[in-house]
Amino acid sequence: MAAKQGAGMANKGPSYGMSRQVQDKIESKYDQDLEQILVEWIVRQCGSDAKRPESGKTGFQAWLKDGCVLSELINSLFPGDKPVKKIQSSTMAFKQMEQISQFLNAAEKYGVTKTDMFQTVDLWEGKDLAAVQRTLSALGSLAVTKDEGTYQGDPNWFFKKAQENKREFSDDQMKAGKNVIGLQMGSNKGASQEGMSYGRPRQIL
């Protein structure tokens, strides 16, 4: 009896109450139009090996779930040494999660910020596929911005990220800048405490 009960726990049933509301809110953030753009981009990046998924969230998740397509994608963006050395399809859960994890590590190495990263369970359990879309969009934006010749697709699919604009100042310019007082700070030139009284001085007995 105990074994039967344990087996049933792995299958998550429908959510109710508050958790249902939270799940509905997460699911409402999933963007069907963005899905089409991401699929088109990934297929172009990975070549004919990446077969198109069924349209919709379930198809999108099933397509990416084993981590292989994602690993092919990230490898295609690196001009030299490929970050994911072994891409192997597997039906075993921990192998699939490991492959997703390798993609996430490589994406971070490529420059995707931690705040733009999805968690492995977001994809593998389908908890938050909007977060998966966010990560892939950030990756696409980076690829367009870096312009290393590895991006395959329409550059208008993703926003170009703002790039650092370093400025060099001479010592004279730096010294001149120290003498400038911002207007919001005001100025105390010519100010004194003359004529101000603060009541009677304290008597010490």
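Colleague: What share of the 205 residues counts as buried?

Modeller: This is a predicted model, where local features need pLDDT of at least 70 and side-chain atom pairs count only at pLDDT 80 or more, while totals for chains, interfaces and linings use all residues. Numbering starts from 1 along each chain as its sequence is written, and side-chain values use heavy atoms, leaving out hydrogens and water. Buried means under 20% relative accessible area with a 1.4 Å probe, protein chains only. On that cut-off, the buried share of the 205 residues is 33%.

Colleague: How are helix 3 and helix 4 oriented to each other?

Modeller: Axes are lines fitted to C-alpha atoms over the stretch in contact, and angles run from 0 to 180 degrees between N-to-C directions. Helix 3 (residues 32-46) packs on helix 4 (residues 57-64) at about 30°, with the axes 11 Å apart. Angles under 35 degrees count as roughly parallel, so helix 3 and helix 4 are roughly parallel.

Colleague: Which residues of helix 4 meet helix 3?

Modeller: Contact here means heavy atoms within 4.5 Å. From helix 3 come Q32, E35, L38, V39, I42 and V43. Their partners in helix 4 are K57, F60, W63 and L64.

Terms used: Buried < 20%, exposed > 50% of the residue type's maximum accessible area, 1.4 Å probe, protein only. Helix = DSSP H or I, 4+ residues; strand = E, 2+ residues; numbered from the N terminus. Parallel < 35°, antiparallel > 145°, perpendicular 65-115°, else oblique.
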